[in-house]
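Here are some brief notes for a colleague who is new to this entry. Please keep the 3D view open while reading.

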Amino acid sequence: MMKSRVVLGGLVLAGVVGAWTAAGAADDPGQSLYDRHCGQCHGAEGRGGKGPRLVPFEWSVERTRDMIRNPDCDMPPIPASQVNDTEVAQIVGYLKGIK
């Protein structure tokens, strides 16, 4: 009986922590934007994939915006109609927060 309560308590705690972690990620608009527009090529959390690794992220918002709009590489340009300047800043904030 005691063992089943401990197991049940552990499962409840794991569920709460998992839900809290997922909710925190969902609350970051920069992460949502990154996942939608960048993650397919640059991988989860900017750690690389088809495209290069982005973290640690050291570019300014202005440089990032210029690269997104007019890339000097194989990356397809993303116009302001798809990702506006505020959203670029949110993506930069998200990437700079990754350790």
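Is the crossing of α4 and α5 left-handed or right-handed? The crossing is right-handed. Bear in mind that this is a predicted model.

1. Start with the helix pair. Helix α4 covers residues 61-69, and helix α5 covers residues 85-96. Their axes come within 9 Å. They cross at roughly 115 degrees. Angles of 65 to 115 degrees count as roughly perpendicular, so α4 and α5 are roughly perpendicular to each other.

2. Next, see who makes the contact. From α4 come V61, T64, R65, I68 and R69. From α5 come D85, V88, A89 and V92. By type, the residues of this contact divide into five nonpolar, one polar and three charged.

3. Now look at T64. This residue sits in helix α4. Is T64 buried or exposed? Its relative accessibility is 6%. Buried means under 20%, so T64 counts as buried. Leaving aside residues up to four places away in sequence, T64 touches F57, W59, V88 and V92. The T64 side chain also reaches the backbone oxygen of S60, at 2.8 Å.

4. Finally, turn to D28. This residue lies in the loop between α1 (2-26) and α2 (29-37). D28 has a relative accessible area of 26%, so it is partly exposed. Its side chain reaches the backbone nitrogen of G30 at 2.8 Å. D28 and Y94 are 66 residues apart along the chain. Their C-alpha atoms are separated by 7.5 Å.

Definitions and conventions:
Residues numbered from 1 in each chain as written. Predicted model: local features only at pLDDT ≥ 70, side-chain atom pairs only at ≥ 80, totals over all residues. Heavy atoms only, no water. Axes fitted to C-alpha atoms, helices over the stretch in contact; angles between N-to-C directions. Helix = DSSP H or I, 4+ residues; strand = E, 2+ residues; numbered from the N terminus. Parallel < 35°, antiparallel > 145°, perpendicular 65-115°, else oblique. Left-handed = near helix turned anticlockwise from the far one by under 90°. Contact = heavy atoms within 4.5 Å. Nonpolar A, V, L, I, M, F, W, Y, C, P; charged D, E, K, R; others polar. Buried < 20%, exposed > 50% of the residue type's maximum accessible area, 1.4 Å probe, protein only. Polar contact = N/O pair within 3.5 Å; in protein donor to acceptor, adjacent residues only side chain to side chain.
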